[in-house]
Amino acid sequence: MSLDSIIERYRNRAVADEPAWLKAMRDAAIADFERLGFPTSKEELWRFTNVTPLAEQRFEAASNGWKTDVRDFQGLETVRIAFVNGIFSAEHSHLEALPDGATIQSLTAVLSEDPVRLQGRLGELADAGSNAFVAANTALFADGAYIELAEGVVLDAPIHLLFMAGDGDEPFAVHTRNLIVGGKNSRATVVEHYIGAAGIAYWTNAVTEVFADQGAQLDHYKIQQESGRAYHFQTLEVSQQAGSRFTNHAVTFGSVLGRDDIRCNLGGEAVESVCNGLYLLTDGQHFDTHTFIDHEKPNCNSHELYKGILNKKAHAVFCGRIMVRPDAQKTDAVQSNKNLLLSRGAKVNSLPQLEIYADDVKCTHGATIGELSDESLFYLQTRGISRGRARSLLTYAFANEVLDAMPCAAVKDYVEELMLAWLQSEAEA
Amino acid sequence: MALLEIKDLHAGVEGIPILKGINLTIDPGEVHAVMGPNGSGKSTLSNVLAGHEAYKVTRGEILFGGKDLQELAAHERACAGLFLAFQYPVEIPGISNMYFLKAAVNAVREYRGEEPLDAMDFIELVEAKKSVMKIRDELLARAVNSGFSGGEKKRNEIFQMAMLEPTLGILDETDSGLDIDALKIVADGVNALRSPDRGFLVITHYQRLLDYIIPDHVHVMVHGRIVKSGGKELALELEDEGYASWNGEEGL
Amino acid sequence: MKTDNDKTFQDLNDTEYKYGFVTDIESDSLPPGLNEDIVRAISSRKKEPEWLTEWRLKAYRHWITMTEPTWSNVHYPKIDYQALSYYSAPKQKGDGPKTLDEVDPELLETYEKLGIPLREQEALAGVVAVDAVFDSVSVATTFKGKLEELGIIFCSFSEAVHSHPDLVKQYLGTVVPYKDNYFATLNSAVFSDGSFCYVPPGVRCPMELSTYFRINAANTGQFERTLLIADEGAYVSYLEGCTAPQRDENQLHAAVVELVALDNAQIKYSTVQNWYPGDKDGKGGIYNFVTKRGHCRGHHSKISWTQVETGSAVTWKYPSCILKGDYSVGEFYSVAVTNHMQQADTGSKMIHIGKNTSSTIVSKGISAGRSQNSYRGMVKVLETAENARNFSQCDSMLMGGSCGAHTFPYIDVGNPTAQVEHEATTTKIGEDQIFYCNQRGLETEEAVNLIVNGFCKEVFRELPMEFAVEAQKLLGISLEGSVG
């Protein structure tokens, strides 16, 4: 259903004045999408995530409207670029006060003003040929954020990429495309923030490509607060050069069905890569995280910590693959996935995977699934804390490990508040 | 009125009887030591007193300040003034020691009908108490017992006791795994808390701790019963003779 | 240090398979190819009852609708199933041997060369009862008489079909159904022989039961089927050893093992697998595609798998436990060594269905040469499995920079009271460890042996004593002198 409507949408779209290379890329991508179709649970990578509800839904084009206020990160002069239903919104953006050498623009603006900047980068990492979601996005993306930092540029304020979904009577689709280019020794914090008006149904299909040149340091966050009826799918592709450091912190609250596909390519020596995540799921939410950490070169470190708290009939999937290629000696890779089940009916699939082709490496992974420990609950009780409160405290403590690893205090506080509200509402429900 | 009165206490875990008729009375201001070999039921006694759900009382009575202890949930016992310093304190990654203590102190205050302490008052209280136990600020900022050394954990337990100001402090093998310096710090902390209206139950395998925390009464526990009671000299006697004779007397 | 390592790697590559001889013995084989007539021919040669012939045919008919699985991390040329012979038995006159004296002396000699002197075993103080399977046909079972006194049935599978048809009919295919998977289905159609064991209620089998499997004939597939039942309160420990001659062509081994443990029963199943692994360039060797599964049917039952895998060119094997009975326990202890061009994809499945079920997985993978060694496992906790517990530990050790070690666990949990933990690490033998040993007077080779044995000790200590010694020796031979 939706497959046809996507192809139909592509054929009928108003042909924008785009460079030939992009047109060719889009044509190839729609052909890929037609060939691939939506994945089915027969495919190993989609074994535990059924996208049938999405594949059978017809999505209209998005209208344009947003009424709710979104709070800034406190105590910080944030640079913000905002999109409403996928289209750049000058009204909600503030892009003043950028230092020289820093570009933050909507992708459409770059395409019309200076498309050469995108060539050889856009579509370079995300492979439409093997992933239907990337293919649909490549064919149909309308807009997104473009961030480029020249060599040595340091941005202290977090860059807030705000994607708002609102006011759709009919289910609609938003194909967002972001491109982040961190030049040599540049430094920045980027927060991708997805937020949807309560109760509306839509499909966010985002692709973000990140290039971290030599010595670049990028802290990337994703706060996912889509509406409870939304489908949220994102592919994050990261290419890291020697001496770069990339950290990712993904926190998921929203969407009924969602998935993060994260791939970090450690393509230079002495690279550091951190991928952390926290998913707080309840009711019928299904969220899937697939990570692929690809160690190509020697002396690199990667660290992954994914934690999930599942209440009611929530279902989480975590599949983390670490690849250590023959050249990647002295790799140090750690991966951990921990899940807390708060109630009957919740379900977890955890698939930590190591593929190692070099001998002088240190790789570990671990996964745990369980409920709160009775010993810890008792210890808290002997200190005067009631059992109910002890439960909340320990649940909070469980999640806190991911928050503690966030380098930006303002973002951390913001997320912590959301988390506390979530815990409270789950405790009351 | 006695602080703690244990009458003919029988208790066990998973249907296996461990305590087989304990009688013990602790008056305010007294320090009682319970000594015994491994497996005699010492830790069971502390867990029963603190209200661990896995331990079931099958017979007998425990009165705490005249109230039936068994009617209180574990946290209510803590709020009522019963404190257990654990032999193996659990680690709670993700909650800082400070945050945890504040939650505990205010839970106890709320139970007593007192106003909760705000952040400033709380910090003042911490400052006042921490020096005795030689607790560094860094330890307060770290997650509860996470990555603490054995000595740090035990000091942290006594520090928590100082913060919560219980009327009965139970020390479950607090000396195990401590070197002599750490042992002295812990003992100093406990001695500083001794007062006419506070009692202590010191559970230990060795006499060593009792060189520093001088007990008023010593009880020998073997196979779930108190087989002999006496003054502090009883501990020294045990040190010389060991528990072998008691095991024999019980006939195993 | 470096040159020393290089030298020992060379030694390692030169280590040869010592069980690679061929026994010159007349055998009765069916022509190559597979069709319904062949299935019928196998069945009729074994004088099987009609229900079993029908069961084989059902399996065959299902098999032709299936495709060979490709999901595992092993690669091998396509097998031509029509080029294989599905039955090869040592020729014998009239009925099978009644005592060892009737067994072909060539065969007895073969087993002696393998270090399994059947005669001597009989003379030994009765620690191990052996059922020897030669090209899929059971040739000798020792200590039968002693076991019979206790009511324990231990005999070849084909004998059991005739002597205890009701038991076979009751349990065959109830753990591994004939439709289970490609190789198990093939086995169900063409299996030739194997061991059968039944331990009656309350009986503790006083000796280790043992089967030795030997593939001899060329171009034959080996398809044994083992069925082991421990009735209520019974206990049995079972050992399985395997070797094959050195041949340039690959040989297929697709066995099925079914274990059933009723209330309070315990089965301990140990394997030392040393099939011919092929030469150092990957020529020849056994394709070992085996389905092993235990069913903890009763409450408080326990099934424990221990395996030491050093052989085969390609291994595809996941000994599993279905924990259906409340309080049942499943265990899997494994050492898998791959060298040269060997590929192993092995692990375990623990399916928790009953309440308070618990399982343990300890897997040690050692890769050397240009081999690939994968752990693949599944822990599944169904909604019914209140308080289920699992602990899995998968450690890999790499020796040299041309091999691979991989870990693919699947964890499915659908009950909040479950506690499931999985840990995996990858290490190499540190030069500092070797140096430390050198400094204490150990040669590098000894040091490696010591460290590898230390790495595997959690598994070795699960093996019955006689086997543990053999396994350690085998490991020493497989990895002679290798340093990571």
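User: How many bridges join strand S13 (residues 272–281) of chain A to S15(A)?
Analyst: This is a predicted model, in which local features need pLDDT of at least 70, side-chain atom pairs count only at pLDDT 80 or more, and totals for chains, interfaces and linings use all residues. Residues are numbered from 1 along each chain as its sequence is written, while chains are lettered from A and ligands numbered from 1 in the order in which they are written. Strands (E, at least two residues) and helices (H or I, at least four residues) are DSSP runs numbered from the N terminus, and two strands pair if DSSP finds at least two bridges between them. S13(A) and S15(A) run parallel, and the number of bridges that join them is ten.

User: Which residue of S17(A) stands opposite Ile309(A)?
Analyst: S15(A) is also joined to strand S17 (residues 332–341) of chain A, by ten bridges, and these two strands run parallel. Within S15(A), Ile309(A) is the bridge partner of Leu280(A). In S17(A), the residue opposite Ile309(A) is Leu340(A).

User: How many of the ten residues of strand S15 (residues 301–310) of chain A are buried?
Analyst: A residue is buried if 20 or more other C-beta atoms, placed from the backbone, lie within 10 Å of its own, exposed if 12 or fewer do, and partly exposed in between. In chain A, 55% of the 429 residues count as buried. S15(A) is largely enclosed by the rest of the structure, because the number of its ten residues that are buried is seven.

User: What radius of gyration does chain A have?
Analyst: Chain A contains eight helices and 19 strands, and its C-alpha atoms fill a box of roughly 70 × 55 × 50 Å along the principal axes. The radius of gyration is taken over C-alpha atoms, and the globule rule is 2.2 Å times the number of residues to the power 0.38. For 429 residues a compact globule would have a value near 22 Å, which agrees with that of chain A, 21 Å.

User: Which element gives the most to the side of chain A that touches chain B?
Analyst: Two residues are in contact if their C-beta atoms, placed from the backbone, lie within 7 Å, and in this way 17 residues of chain A are in contact with 22 residues of chain B. On the chain A side, the elements that give two or more residues are helix H6 (374–382) and helix H7 (387–404). With seven residues, the element that gives the most is H7(A).

User: Which residue in S23(C) is the bridge partner of Glu355(A)?
Analyst: The contact between chain A and chain C takes 31 residues from chain A and 30 residues from chain C, and the largest share of the chain A side, ten residues, comes from S18(A). Six bridges join S18(A) to strand S23 (residues 404–413) of chain C, and the two strands run antiparallel. In S23(C), the bridge partner of Glu355(A) is His406(C).

User: How many C-beta neighbours inside 10 Å does His352(C) have?
Analyst: His352(C) lies in strand S19 (residues 349–352) of chain C. Leaving aside neighbours within four places in sequence, its contacts include Leu323(C), Lys380(C) and Ala388(C), while its C-alpha atom is separated by 8.3 Å from that of Thr384(C), 32 residues apart along the chain. His352(C) counts as buried because its number of C-beta neighbours inside 10 Å is 32.
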